Structures are given as structure tokens and as C-alpha cells.
Amino acid sequence: MVTIVPSIDIVDALIVLGGLVSIHVLTLLFTAWSIDFKCFVQYSKVNDIYAADSCKVTPAKFSGSKEVVPYSST
């Protein structure tokens, strides 16, 4: 079998690299800007509260901002 691999010149490779770097930087910034996005990317939901390492605290409307806090069972 013969496999034909298209050749990629340096300009196309730099465009793809720039796109990947941009996505990486935006993901990093969105985790700093949005608690909901940070929870989506870095944490997973559990069914048992005692299996949790951290908790997302969502206050009542106009009473503060969301926050991720470490969970301790004591």
C-alpha cells in the first residue's frame, strides 16, 4: 500500500501552531475569569459529598461572587 502524505510548508505549520497557542492561552484566561468554566475544565461532579475534594459555592443573587473552596469533612 502506498500512503500519500501531503507536504506542509513552514507557513501552514506556523498558522496551526499559532492557533493551538491561542486556544491554550484563551483556556488559561477563561479559567481565571470564570468560576463555572474553571469547574467545567478542572473538576468533576460526584454523587456523594464525602467523596468531594472541593465545593463550588454559589451565593444568593447580589450577595457576592461564586467561589471554589476546599472541602473538609471536619
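Me: Which helix does Val16 lie in?
Reply: This is a predicted model where local features need pLDDT of at least 70, side-chain atom pairs count only at pLDDT 80 or more, and totals for chains, interfaces and linings use all residues. Residues are numbered from 1 along each chain as its sequence is written, and side-chain values use heavy atoms, leaving out hydrogens and water. Helices are DSSP runs of H or I with at least four residues, strands are E runs of at least two, and both are numbered from the N terminus. Val16 lies in helix α1.

Me: Is Val16 buried or exposed?
Reply: Buried means under 20% relative accessible area, exposed means over 50%, and partly exposed is in between (1.4 Å probe, protein chains only). Val16 has 51% relative accessibility, so it counts as exposed.

Me: How far apart are the C-alpha atoms of Val16 and Cys39?
Reply: Along the chain, Val16 and Cys39 are 23 residues apart.

Me: What does Phe30 count as, going by its relative accessibility?
Reply: Phe30 sits in helix α1, which covers residues 10-33. Its relative accessibility is 39%, so Phe30 counts as partly exposed.

Me: What area does the nonpolar surface patch with Phe30 have?
Reply: Patches use residues with over 30% relative accessible area and no salt bridge, joining nonpolar side chains (Val, Leu, Ile, Met, Phe, Trp, Tyr) within 5 Å and like charges within 9 Å. Areas come from the Shrake-Rupley method with a 1.4 Å probe, and for residues only the protein chains shown count as cover. Along with Phe30, the members include Ile10, Leu14, Val21 and Trp33, and the patch comes to about 1100 Å².

Me: How many salt bridges does a search of the whole structure find?
Reply: A salt bridge needs a side-chain nitrogen of Lys or Arg within 4 Å of a carboxyl oxygen of Asp or Glu. Searching the whole structure with that rule gives two.

Me: Which residue forms a salt bridge with Asp36 at 2.8 Å?
Reply: The closest N and O atoms of Asp36 and Lys56 are 2.8 Å apart. Asp36 lies in helix α2 (residues 35-42) and its partner in strand β1 (residues 54-57), so the pair ties together parts that are 20 residues apart in sequence. That partner is Lys56.

Me: Which residues do the salt bridges that share partners join into one network?
Reply: Lys66 forms a salt bridge with Asp36, with closest N and O atoms 2.7 Å apart. Lys66 is in the loop between β1 and β2 (67-70) and Asp36 in helix α2, so this pair links parts 30 residues apart in sequence. Shared partners join these residues into one network: Asp36, Lys56 and Lys66.
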